[in-house]
2 protein chains.
Amino acid sequence: MKLSDIGGEFAFIRRVTGVPNADPAVVKGVGDDCAVLEYTDARYLLVTVDMLVENTHFSLDWHTPYQVGWKLMEANVSDIVAMGGMPRWAFISLALRADTEVEFMDEFYRGLYDSARRHRVALIGGDTTHGRELAFNIALAGDADKRFTRFRAGARPGELICVTGTLGKSEAGLRLLMAGRRDGCLGGYLEPCCRMEWEGAAIARRAGAMIDVSDGLASEVAHICEESGTGARIDREKIPLSRDTIDAAHAVSGDPYEYALYGGEDFELVFTIESDRIKGLRKEFSDFTVVGEILQKEEGLYIASEGQRSDLKRGYDHFKD
Amino acid sequence: MKLSDIGGEFAFIRRVTGVPNADPAVVKGVGDDCAVLEYTDARYLLVTVDMLVENTHFSLDWHTPYQVGWKLMEANVSDIVAMGGMPRWAFISLALRADTEVEFMDEFYRGLYDSARRHRVALIGGDTTHGRELAFNIALAGDADKRFTRFRAGARPGELICVTGTLGKSEAGLRLLMAGRRDGCLGGYLEPCCRMEWEGAAIARRAGAMIDVSDGLASEVAHICEESGTGARIDREKIPLSRDTIDAAHAVSGDPYEYALYGGEDFELVFTIESDRIKGLRKEFSDFTVVGEILQKEEGLYIASEGQRSDLKRGYDHFKD
């Protein structure tokens, strides 16, 4: 039986996890951006892992080794930021090919350390081995103020749904590259930047629920609704797109809204917030857009576009062909 | 330039790590079985990562999926036990092939959870993706009594060098399999068991330095000497070998002492201890053997065999030739 036969990646994860554990230190296990553990009186410990595999998450035809190292760290930091936390300690596992060059790895580490410095992360452990294709894993630990740690659960009907920055830029870059185009804006795909800790923390102090965008806006809002027991409406035309993303989509006859809804790895933040707290947040952090509203569960989960209502497809799933 | 040109895996790790970090919570970063972090007043937090890659660490011709899951968890727990700690929380990253079957993964997780139950580890996070060959990474966190956390550093001249159980059994099983033999004792390679937490803790209360055997006794003693600034003598004939390991070596015309010294993945413990503490340890835990002595640095690092002195070659290195 194939993994796709049981419903893909998320179904597989549900199948093999969920074994109960009796450890009172575990505040939240599988099912959020990070695991959350008791740490000090005032702070939780957060832990996340992310693996990048050659030809799945990056291609050496497209990415420089610097960009691979950079992306690996940003993808992990994004999960900590999405809970309102501060990333602190990274542990890297490397499967290198027999023909991997020292110069390649020096550049990989330069990218990794540049991102680590940006977020004040210390690389303090790892494992080095070899394989037939490159695979890199980071385990990243951080901590967060208990009062302001934000989960996927926590959204309430009436709260507004917001996203930081613009969406679809990673997918736009990927589509250009797949079409053989090296012009246009490839940076969103090749060298994504996650949001900074202070931005995540400013949102976390006021938000209901928060998650980062790694599988597309639709998938992330669905996660929030599933964990919060709510419905949601996404207003398609309100989704923020950059000029570059729109141009890229037009260049390859794509739809930039589809990139935003179903593309991966934008590493922006999606959060829910009561409308009367928006003004306070804007004083501290203003690079976000309202794109919808949390609804009662019975009202459903859908995208509104020009008065029409359409179902939410799920975002990128590794095993759902 | 190839990684082997700069001296292999350990030289590569030295090249890309060692960036200083100013975080006072980091007690020990790269260079021991685990990273060690401040945690509570009385306990340290320990973190280790280990990656297993298809055709490097396991072969589906030889290993059942159950055994791959089992070995992955045991290899990680071993690093925590080797510092005197208790493993607690695991995070797994999986790169699966497009043709990986659900039944395979169910068996893999059965092995993983059986080992996790043995050590009371909770699996509380992960990342699932795909690749052309299977790669599995575990990040494992645990904690340890600050008074009895043991490092590679900490050995002093005059202390005895001890190993738990018997050595060479993993290499013996591998050699049998490579020779096409399915008889004989393959379990040391296919389904290794690391030492239990209570065993590591009993040793840690009395030891100077401790490390687990993942790359052969010679390599582990060399690590202890390097970190402790000492020399050492290993008495070759004292190295404990099982009847099965000796039989396996004879069956394939190998030397079981070489397997013990330079083979990998026995997941036993090597520790140093003052001679007058041996008796107290034996009352609590007795499955160990004295195999040598820590010397002054000037006395060198060597293997003594029948009155002869020979140099220590290093153990398994992923990128040396």
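In which sense do strand 4 and strand 5 of chain B pair, and over how many bridges?

**Entry 1: the sheet in chain B**
I looked up strand 4 (residues 86–96) first, and found that it pairs with strand 5 of chain B in the parallel sense, over 8 bridges. Strands here are DSSP runs of E, at least two residues, and helices are runs of H or I, at least four, numbered from the N terminus. Two strands pair if DSSP finds at least two bridges between them. I noted B:Leu94 opposite B:Thr128 in strand 5 of chain B. The open sheet has 6 strands in the order 1-2-3-6-4-5, with mixed pairing. Its edge strands are strand 1 (26–28) and strand 5 (122–130), and each pairs on one side only.

**Entry 2: what I am reading**
This is a predicted model: local features need pLDDT of at least 70, side-chain atom pairs count only at pLDDT 80 or more, and totals for chains, interfaces and linings use all residues. Residues are numbered from 1 along each chain as its sequence is written, while chains are lettered from A and ligands numbered from 1 in the order in which they are written.

**Entry 3: helix 3 of chain A**
I turned to helix 3 (residues 102–119) of chain A, which has 18 residues. Its buried residues include A:Phe104, A:Phe108 and A:Leu112. Buried means 20 or more other C-beta atoms within 10 Å of a residue's own; exposed means 12 or fewer, partly exposed in between, with C-beta atoms placed from the backbone. Just after the helix, A:Arg120 takes a positive phi of about 55 degrees.

Methods: Expected span 1.5 Å × (residues − 1).
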